[in-house]
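Reader: I am new to this structure. Please take one part of it and go through that part closely.

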Amino acid sequence: MAVDGAAVTVQLPWRDEHPIAVLIGVRAALGVLTLFVVSVIVFLATEVLPGNAAYSVLGHSATPQSLKALEIQLHLNRGLFAQYWLWLSGVLTGRLGNSLSNGQAVWGQVAPRLVNSAVLVVGAGVIGTVIGVVLGAIAALRKDGWFDHVTSVISLAVTSLPEFVVAIVLIILFATVVFHLLPAVAPIAPGTYAWSQPRLLVLPVATLVIVIIPYILRMMRAAMIEALESDYVEMARLKGVPEWQIILAHALPNSIAPTIQVIGLSFLYLAGGIVIVEDVFNFPGIGQGLVNAVSDRDIPVIQFVVVVLAAFYVFMNIVTDVIALLVSPRRRIAR
Amino acid sequence: MDVVTSPPAAVSPPRVRRQWVDLLGAVIRTRRGALGLALAGSVVLVAAIGPFVAPYSPDQSVTFPFAGPSSQYLLGSDMLGRDVLSRVLAGGWELLLMALAATVFGVFIGAAAGISAAYLRGRVDGFIMRTVDVFLAFPQLVFALLLVSIVGPKIWLIVVAVGFTHAPAVARVLRSSALEISERDYVKSIELQGVRPAKIMRSEILPNLVSPLMVESGLRFTYSIVMMAGLAFLGFGLPPPAPSWGYMIQENRIGLSLNVWAVAVPVILIAVLTIGVNPFTDAIARVAIGLDSRPDEALIDDTVVEA
């Protein structure tokens with residue numbers, strides 16, 4: 001804390017008055033810079049490194065004429081900077097060109113996938129956060145009780161499980177072998193959105209929820225235990241404040257603050273986790289889109305999806321930092 | 001303090017070796033470490049001796065597709081009527097070897113970058129850590145997929161890609177551990193003797209980073225297994241006729257209700273492996289920071305002298 005405060009005690013008065021605004025500004029600027037570098041890397045990696053993207057797409061079926069046509073379509077006949085500029089302005093304005101595998105507009109293909117994936121990430125993130133926080137708090141309140149032991153053993157085991165293992169176990173249990181309660185795949189029909197068929201969403205969301213809960217639970221438990229053993233809780237107890245009020249008004253808010261970092265990390269994790277989960281459940285989101293595009297070497301789609309996921313990453317990092325700052329009174333004052 | 005630690009060349013190498021052996025010994029003696037080793041070790045054993053004891057050829061159709069378990073084919077058959085038991089036994093070692101190679105590669109690059117950043121400071125530090133920030137902006141699996149999309153699913157590329165995605169996080173952790181060590185007096189005194197920075201980093205700073213290195217290696221090994229198996233599951237692994245646990249799950253999914261074992265057994269093996277490595281790594285970390293019992297010899301030079 002002290003170090004944080006010292007770093008900001010610069011002469012400029014407006015810095016002291018609006019420390020959070022300054023922080024957001026600096027983080028946002030760095031984020032934009034990071035994204036710019038990310039876009040350059042993605043562009044260079046996919047368009048320049050393999051020698052010629054047109055050839056790698058057409059492969060053995062390439063003829064001089066088809067190569068020429070594709071080179072013009074991908075602007076490969078122009079200079080490097082011109083290529084990058086054309087691509088970047090396309091990404092920023094939604095004019096992404098056409099998919100190389102089926103010739104349709106990339107934006108038209110990817111936009112509904114983006115919505116579907118967002119439903120999955122937000123749904124799993126919110127549900128996982130609520131369950132994780134509640135279970136973590138209960139485990140802390142009943143520290144070293146049976147509930148605490150059971151949740152800590154299960155979470156230690158689940159933490160390291162790959163998503164597809166969790167997904168397949170759920171499919172075996174609830175969709176195919178043991179019970180036949182839910183559909184094993186979630187092929188949302190094109191043109192309809194994920195929330196219109198909630199039954200299809202249950203297993204994909206449950207998979208992601210199960211995978212993120214352990215992190216949130218462990219962090220919440222640790223933070224809650226620390227809060228319950230703190231001086232201010234001791235003080236409140238001595239004053240005779242009822243226990244439920246101590247928990248809800250003092251311990252809980254103060255343990256949410258450190259947990260928010262982990263919740264943010266869980267959302268980051270979800271951005272990568274959807275790739276495999278969408279593939280398992282045949283769920284038409286950007287993760288499945290990316291896997292298909294990688295199989296087909298569909299470069300415009302790969303570029304766009306990777307940049308979108310990186311942008312989500314950078315954005316979530318900033319949001320997490322800022323929220324953690326806002327909800328933690330001690331840090332706010334130290335600035 | 002300085003007097004004891006200053007003759008470096010003669011003392012460091014044996015101490016390094018003993019240090020990680022001692023650490024592992026202490027880890028195995030903890031309950032967590034022993035349990036983890038037993039779980040992960042049994043899967044490693046299956047993968048290692050499996051190819052030699054498999055009853056049938058893993059690539060040969062022996063019966064009809066998705067046959068249930070029988071006395072002849074203990075785990076039934078897969079989508080092409082191949083013996084599931086034989087494929088399971090033959091398909092583990094490549095996952096383990098690839099995960100191991102990726103871990104070694106990633107921890108090596110990450111450690112080199114992190115230690116250089118911490119020791120050399122200034123512009124080198126700035127450059128390395130900004131690069132790390134940029135690469136941390138990609139989800140690991142997405143970045144690996146991006147690399148695979150460039151060259152195609154080649155085995156060496158998948159190892160390099162997975163290893164490379166570990167490097168930024170490893171660099172961050174080791175930089176913060178190495179920062180304090182590069183400030184120690186004995187490092188300064190060796191600097192004054194005119195020893196080259198590369199040698200100082202290798203033989204003075206690295207030996208003090210054994211515990212964070214081991215914790216990172218364990219952690220990255222778990223992630224490597226998860227990512228390798230995940231990539232194989234997505235179809236970016238060894239090409240299809242070859243048996244691999246990750247791809248077995250993918251290709252036999254359609255027959256779940258006919259022969260669940262073709263999917264369940266690879267799933268269980270991957271699960272037990274990752275569940276085992278995790279508490280083992282956890283035990284390393286706990287022993288290293290002194291939460292659980294340490295080896296008799298202390299791990300940090302300074303405490304040896306004080307004790």
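**Where the two chains meet**

Author: In this predicted model, the contact between the chains takes 38 residues from chain A and 34 residues from chain B. On the side of chain A that touches chain B, at least two residues each come from α3 (19-48), α8, α9 (163-176), α12 (243-280), α13 (286-296) and α14 (299-327) of chain A. The most come from α9(A), which gives 7 residues. By class, this side of chain A divides into 29 nonpolar, 7 polar and 2 charged residues.

Helix α8 of chain A covers residues 146-159, and its 14 residues should span 20 Å at 1.5 Å a residue; the end C-alpha atoms are 20 Å apart, which agrees. T151(A), S155(A), V158(A) and T159(A) are its buried residues. Seen down the axis of α8(A), the buried residues fall within an arc of 95°, so they line one face of the helix. On the other side of α8(A), W146(A), H149(A), V150(A) and V153(A) are exposed. The buried residues pack against α7 (106-141) and α10 (198-228) of chain A, together with α13 of chain B.

The crossing of α3(B) and α13(B) is left-handed. Among the residues that meet are L35(B), L39(B) and V43(B) in α3(B), and L269(B), V272(B) and F280(B) in α13(B). The contact of α3(B) with α13(B) has 14 nonpolar, 4 polar and 2 charged residues.

Definitions and conventions: Residues are numbered from 1 along each chain as its sequence is written. Chains are lettered from A and ligands numbered from 1 in the order in which they are written. This is a predicted model: local features need pLDDT of at least 70, side-chain atom pairs count only at pLDDT 80 or more; totals for chains, interfaces and linings use all residues. A crossing is left-handed if the near helix is turned anticlockwise from the far one by less than a right angle, and right-handed if clockwise. Helices (H or I, at least four residues) and strands (E, at least two) are DSSP runs, numbered from the N terminus. Two residues are in contact if their C-beta atoms, placed from the backbone, lie within 7 Å. Ala, Val, Leu, Ile, Met, Phe, Trp, Tyr, Cys and Pro count as nonpolar, Asp, Glu, Lys and Arg as charged, and the others, Gly among them, as polar. The expected span of a helix is 1.5 Å times one less than its number of residues. A residue is buried if 20 or more other C-beta atoms lie within 10 Å of its own, exposed if 12 or fewer, and partly exposed in between; C-beta atoms are placed from the backbone. The arc is that of the directions from the helix axis to the C-beta atoms.
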